[in-house]
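Hello! Here are a few friendly notes to read alongside the model.

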Amino acid sequence: MFDMFEQLGFENLNPTQASLILALILGLLFGAIAQHLKFCFRSAVVGTGNSAQTARGIWFITLGTALLGTQLLTVTGYISFDDHRLLASDLPVAAILVGGVMFGIGMVLTRGCISRLSVLTGSGNLRALTVLVVFAILAHATLKGILAPLRVWLGSVTLPMGEVSSLAGLPGGAAVWAVLLALICFALAARSGVAWSKALWAGLLGLLVPAGWLGTGFVLQDEFDPIVMQSLSFTAPAADLIFWTVASSAIPAGFGVGLILGVVLGAAAASLSKGEFHWQSFDTAKQTGRYFLGAALMGVGGVLAGGCTVGAGLAGIASLSIAALLALASIALGGWAMQALLSEKNSAAIGAH
């Protein structure tokens, strides 16, 4: 694999530096495409009307494509999820359930999951930028800081899964489950009536997931200087970016830093080219508090759940991880519950007047 590393002209870079460039490219593409498609899991889950239908269609096509691409790489032997954290034999069920619900609640409070808000940051939305910063600080505090004991405590409640930590361990194996899930995704997307032009862009967005796995898990792997195999995600990368920002002389920039910066820059380029770049900020103190709370819940929840709607949702489910499926279901549940609560509160307020 090191021969490939040199053949691609990376002999003057170490794998970490090369992964920074790879992530920057993936981030630029994700940011630009997501800005064009208005890619948003929150809209797909709790949105209403035609725009929500389109959001669901786009999301399912992206997931189906990510699934097929990722599993094709595993079947052909280019990558392997053996010993990957997504397929740990002990399922941290309490952390995933609590964290997922927290993330879903925060996603509704801030009107977007962290991937959508990272894209909005690039379009001049200062609310989204504020959420991104608070999210990153709380995620880092949960990973390595003052909230780490909470993560360890909840993570100690596990369910032994043995070889069934992945759908690949169930009857039929990886190929059957990957095709089945992808077909379900594409069927649901077809029912949404999403336009073919958007469907093609969504498919390209989904292919960025296996591209990330292939780049970090095969192309840039060096047995003398190994790096973590990873793909699109926002929780750990946001924490990496905030840590690198304040301690860049002590730690090198890697995949996470490149990904977040790339997403913001890609979204900025797309929004500027389409005349969609607009400075926006908070309207009221109450709105500010709501967004801060949502950001904090997503930061802590994303770490506990093992990822966000992209890290656990797209990249995680593409690995056939049962933990990722549980995380995304918990996020959706938290989002639905929070949206229902807000709708009931709004209805009561209208009735009172």
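1. Buried means under 20% relative accessible area, exposed over 50% and partly exposed in between, with a 1.4 Å probe and protein chains only. Lys345 counts as exposed because its relative accessibility is 55%. Lys345 is found in helix H15 (residues 322–352); helices are DSSP runs of H or I with at least four residues, numbered from the N terminus.

2. The model is predicted: local features need pLDDT of at least 70, side-chain atom pairs count only at pLDDT 80 or more, and totals for chains, interfaces and linings use all residues. Residues are numbered from 1 along each chain as its sequence is written, and side-chain values use heavy atoms, leaving out hydrogens and water.

3. Which residues meet in salt bridges (a side-chain nitrogen of Lys or Arg within 4 Å of a carboxyl oxygen of Asp or Glu)? The structure holds two. In one, Glu276 pairs with Lys38, with the closest N and O atoms 3.4 Å apart. Glu276 sits in the loop between helices H12 (255–273) and H13 (285–305), and Lys38 in the loop between H2 (15–37) and H3 (41–46), so the pair ties together parts that are 238 residues apart in sequence.

4. Glu276 also forms a salt bridge with Lys274 at 3.8 Å, N to O. Through shared partners, salt bridges join Lys38, Lys274 and Glu276 into one network. Glu276 is partly exposed at 26%, as is Lys38 at 36%, and Lys274 is partly exposed at 39%.

5. Thr309, in helix H14 (residues 309–318), is buried, with a relative accessible area of 1%. Its contacts (heavy atoms within 4.5 Å), not counting residues up to four places away in sequence, include Phe41, Trp59, Phe103 and Ile331.

Key:
Helices (H or I, at least four residues) and strands (E, at least two) are DSSP runs, numbered from the N terminus.
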